[in-house]
Amino acid sequence: MKRKSIYTKKLGQSVASKAHSVGIAKYHVISTDSNWSVVSEGNVRATRSFRTVEQAVDFAKEKASEKTGEVVVHANTGQIKDRISYSHNK
């Protein structure tokens, strides 16, 4: 006798939506050789590079404010200089 599958597309979507990470997106602003880069946590490559730290921070703030996110600004030495958090309410 063939067994009937109980898996449905609707059930799959429900499980997938509950499995999404509820973590905070973090955008690190770091100094490179000649500019400032915004790197999304978990990525190796920069999302975007800028000439000034102010431009990089503004871009990172914009990205972080679109969802629950945090901007982590690093000094030239690599130490954390500032943190800015955003909470996205649906």
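**A close look at one side chain**

Modeller: The side chains of His-74 and His-28 are joined by a polar contact of 2.9 Å. Such a contact is a pair of N or O atoms within 3.5 Å; within protein, one must be able to donate a hydrogen and the other to accept it, and residues adjacent in sequence count only if both atoms are side-chain atoms. The model is predicted: local features need pLDDT of at least 70, side-chain atom pairs count only at pLDDT 80 or more, and totals for chains, interfaces and linings use all residues. Residues are numbered from 1 along each chain as its sequence is written, and side-chain values use heavy atoms, with hydrogens and water left out.

The His-74 side chain also reaches a backbone atom: the oxygen of Gly-78, at 3.0 Å.

Where does His-74 lie? It lies in strand β4, residues 69–74. Strands (E, at least two residues) and helices (H or I, at least four) are DSSP runs, numbered from the N terminus. His-74 counts as buried because its relative accessible area is 12%, and buried means under 20% (exposed is over 50%, partly exposed in between; 1.4 Å probe, protein chains only).

Glu-54 makes a contrast. Its place is in helix α2, residues 53–65. With a relative accessible area of 52%, Glu-54 is exposed.

Now the whole chain. There are two helices and five strands. From the N terminus on, they run α-β-β-β-α-β-β. The chain has 90 residues, and 24% of them are buried.
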